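Dear colleague,

Please find the structure below. My notes on it follow directly after.

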Amino acid sequence: MRINTWKYYIKETIKSIYRNRLMSLASITTVAATIFIFGLFMTLAINVNRFATNVEDMIEIKAFLKDDVTTLQQQKLEKSIKEIPGVVSVDYESKEKALEKFREQLGENKDIAKGLEESNPLPASFIIKVDKPESVELVSPKIAQMEGILKVKDGKRTVQTIIKLVRIVRYSSTVLMAILGTISIFLISNTIKLTVFARKREISIMKYIGATDWFIKWPFILEGILLGLIGGLIAAFIIENGYTYAAKIIQQNIVVFTLVPPKEVVKQFWWQFSLLGTLIGGFGSFISIRKFLVV
Amino acid sequence: MIELKNVSKVYKNNHIALSNVNFNINKGEFVFLVGPSGAGKSTILKLLMKEIEPTSGEIIVNNVDITKLKRKEIPYYRRTLGVVFQDFRLLPDKTVYENVEFAMQIVEASHRDIKKRVPQVLEMVGLYAKQRNYPHQLSGGEQQRVAIARAIVNNPKLLICDEPTGNLDPDTAQEIMALIDDINKSGTTVLMVTHAKDLVDKMKKRVIAIEKGVIVRDQQRGVYGYED
């Protein structure tokens, strides 16, 4: 295709966007909003995932043993716990070790634990690691039922909350994005529809003169792509700056929790969002052309 | 150049627009197509422009049966035609120059060719001086000249005119007719649908008359023959 022809396409595209500037603005805004929310959930998901992975590593089940459990019974228990699917490792912690740990935790106040050696009230325990957070729910009731087990403690609540949170973020972002994506495709196709109608006469004249279908279609597709691209870039700009700012504020004010560094997250957004906007825009105008531009 | 063989056209509402039409137009001819409203004149033009398809029959233009053209080939076929309408069909937001240039852009002509050819054609139709004007700043006759310039800028072999003087006063109509006659004399075949009795009678060209979808008269150096 000639450069001259492309010049013509680009000129027509820009003219058309300017002519329908209000609709164009609306299209750009919805695309930007869609991708912005997409980006928001993406950053949120990245952070929740990161956070979840960190917490997952810390998840363990603690099974306390009754005092009357013999060494033989203890070994048997250890063996049967290991056989439960999902269990990765089992470590035994004796009464003495438990006391030692307790002392360590007390630190300066270790005097409180003085004299406990004679009649150590702390139970021996197994510390069980599982392969994934979901396994906790399956493993810990099985251990609780075993002979000689006093009590099972797990981070069930915490685990469940995290799993739920991750799920909610994933599902709601998917649903919301689907809705917003549909709206932006609809708005883009509507904008293109207006352009097609505004240029109906021109299109019919073009056909008489012998313009090919694609010669007629290209300016409309370019228009959709351009609107989508601008929307994507706006969203990327807002997300990048917003996230970088949020990460800085959180780092300065909340010590225990930090966001995944902006460098890892938002640097990819520029091209990802541009591509996404282009796709939304291209698809929107493609629908419209198929429906309204019978060439 | 143009050959219609047993062409019939029945519209969806069962209206028979053409029944078994046969005629032959040679290269370089100037032919008037006359007849009352609804006789089938427009149907013939639409068939030639590939706007509609015949129900049966063959239409041969430049040795090609255009009824067998594929969709993709239609634009390239249309480039061999120039079309002039009663209502000019100019683009209001483009200047005279741009309207003519547009036809060359569509066929993806080079910038150099456009720059050379457009002024040439504008000179020929006598609108070189008004090339920067917009259609609404021109008289009807001038607008039709722009339309003619646009129709011939890509050197079509056949010029199809659908009542080109229908919206013009008699003097202007005569000027437009003279211009089209000039174009014909330089080798372009012309097929014109018209109701302009005086002009047809004066031009003494071939006249094909059609009534109710049937050719009723085909005479060389003919006359209009109707009283409207």
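Strands (E, at least two residues) and helices (H or I, at least four residues) are DSSP runs, numbered from the N terminus, and two strands pair if DSSP finds at least two bridges between them. This is a predicted model, in which local features need pLDDT of at least 70 and side-chain atom pairs count only at pLDDT 80 or more, while totals for chains, interfaces and linings use all residues. Residues are numbered from 1 along each chain as its sequence is written, chains are lettered from A and ligands numbered from 1 in the order in which they are written, and side-chain values use heavy atoms, leaving out hydrogens and water.

Sheet and helix in chain B

An open sheet in chain B is formed by 4 strands in the order S2-S1-S4-S5, with antiparallel pairing. Its edge strands, each pairing on one side only, are S2 (16-25) and S5 (64-65). Strand S4 (residues 56-61) is joined to S5(B) by 2 bridges; Val61(B) has Val64(B) as its bridge partner. Helix H1 (residues 41-48) of chain B lies across S1 (2-10), S2 and S4, at about 65 degrees to S2(B) (axes are lines fitted to C-alpha atoms, for helices over the stretch in contact, and angles run from 0 to 180 degrees between N-to-C directions). Contact means heavy atoms within 4.5 Å.

Nonpolar cores

A nonpolar core is a set of buried Ala, Val, Leu, Ile, Met, Phe, Trp, Tyr and Cys residues joined through side-chain atoms within 4.5 Å. Buried means under 20% relative accessible area, exposed over 50%, and partly exposed in between (1.4 Å probe, protein chains only). The largest core has 85 residues, of which Phe32(B), Leu159(B) and Ile180(B) touch the most other members. Helix H8 (residues 213-253) of chain A supplies the largest share of this core, 12 residues. Apart from it lies another core, of 31 residues, including Val21(B) and Ile210(B).

Interface

Between the chains, 21 residues of chain A are in contact with 26 of chain B. Together they bury about 2,100 Å², 53% of it on carbon and sulfur atoms; buried area is the accessible area (1.4 Å probe) that two parts lose on being put together, summed over both. The chains share 2 salt bridges (a side-chain nitrogen of Lys or Arg within 4 Å of a carboxyl oxygen of Asp or Glu). Asp213(A) and Arg71(B) form a salt bridge at 2.5 Å, N to O.

Lys212(B)

Lys212(B) is in the loop between strands S9 (206-211) and S10 (214-219) of chain B, and counts as exposed because its relative accessibility is 75%.

With kind regards
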